[in-house]
Amino acid sequence: MPNNQFRRGELYSVINGMASTAVARRLQKNFRQAGLEITIEQWSVLYHLWKEDCLSQQELCNRTFRDKPSITRLIDNLEKQKLVKRVPSKTDRRINLVCMTDAAKELQDLTIDLANQTMNEALVGVNKDDIETVKVVFQKVYDNLT
């Protein structure tokens with residue numbers, strides 16, 4: 001069968017979506033059990049700020065694959081929780097940078113540990129070669145479509 005054919009129930013985006021949703025739900029559950037009041041969506045913004053602090057909202061849109069209204073809402077909520085603050089850019093008055101607070105920095109190790117724990121739970125019984133194959137295939141699919 002050619003690569004672009006599938007049988008009913010084997011639409012790979014559906015299978016991938018189900019797995020992704022299951023991982024996200026488990027991570028959210030693990031956050032709640034640890035007493036953390038952040039959502040997976042908020043965590044994804046913080047994750048990118050831990051990698052590089054003080055990014056523009058547009059850059060956060062690009063890195064998280066979200067639209068501007070979604071990022072604005074997430075940043076508003078993170079600001080209310082005192083995890084980020086908007087800071088005017090020194091080089092461009094039209095841009096506000098989103099910067100972490102000390103409270104956000106304190107969440108990094110715990111949330112990364114919980115994310116790793118969640119992935120370990122998800123990958124029980126999956127061998128390392130299969131994981132690498134999936135990474136390569138998904139990267140190729142992404143590259144083909146972007």
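Let's start at Asn 77, which sits in helix 4, a stretch covering residues 68-80. Helices here are DSSP runs of H or I with at least four residues, strands are E runs of at least two, and both are numbered from the N terminus. This is a predicted model, where local features need pLDDT of at least 70, side-chain atom pairs count only at pLDDT 80 or more, and totals for chains, interfaces and linings use all residues. Residues are numbered from 1 along each chain as its sequence is written, and side-chain values use heavy atoms, with hydrogens and water left out.

Back to Asn 77: its relative accessibility is 27%, so it counts as partly exposed. (Buried means under 20% relative accessible area, exposed means over 50%, and partly exposed is in between, using a 1.4 Å probe and protein chains only.) Asn 77 and Ala 104 are 27 residues apart along the chain, and their C-alpha atoms are separated by 13 Å.

Two packed helices are described by the angle between their axes and the distance between the axes. Here, axes are lines fitted to C-alpha atoms, for helices over the stretch in contact, and angles run from 0 to 180 degrees between N-to-C directions. Helix 2 (residues 40-51) packs against helix 5 (residues 102-122) at about 110°, with the axes 10 Å apart. That angle makes helix 2 roughly perpendicular to helix 5. The cut-offs are under 35 degrees for roughly parallel, over 145 for roughly antiparallel, 65 to 115 for roughly perpendicular, and oblique for the rest. Who does the touching? On the helix 2 side you'll find Trp 43, Leu 46, Tyr 47 and Trp 50, while helix 5 brings residues including Ala 104, Leu 107 and Ile 112. Contact means heavy atoms within 4.5 Å.

Now look at helix 1 (residues 12-33), whose axis comes within 9 Å of the helix 5 axis and crosses it at roughly 135°. That makes helix 1 oblique to helix 5.

What about the inside? In soluble globular proteins, nonpolar side chains tend to be buried together. A nonpolar core is a set of buried Ala, Val, Leu, Ile, Met, Phe, Trp, Tyr and Cys residues joined through side-chain atoms within 4.5 Å. The largest one here has 25 residues, and Phe 31, Leu 46, Leu 49 and Leu 60 touch the most other members. Helix 2 gives the most to this core, with six residues. Leaving aside neighbours within four places in sequence, Leu 46 is in contact with Ile 38, Leu 78, Leu 83, Val 84 and Ala 104.

Helix 2 also holds Ser 44, which is buried, with a relative accessible area of 16%. Beyond its neighbours within four places in sequence, Ser 44 is in contact with Thr 64 and Arg 66.

Finally, check out the loops. Most residues other than glycine have a negative phi. Cys 54 isn't a glycine, yet it has a positive phi of about 60°. Cys 54 lies in the loop between helix 2 and strand 1 (55-56), and at 30% relative accessibility it counts as partly exposed. Lys 82 also has a positive phi of about 60° without being a glycine. You'll find Lys 82 in the loop between helix 4 and strand 2 (84-88), where it is exposed, with a relative accessible area of 61%.
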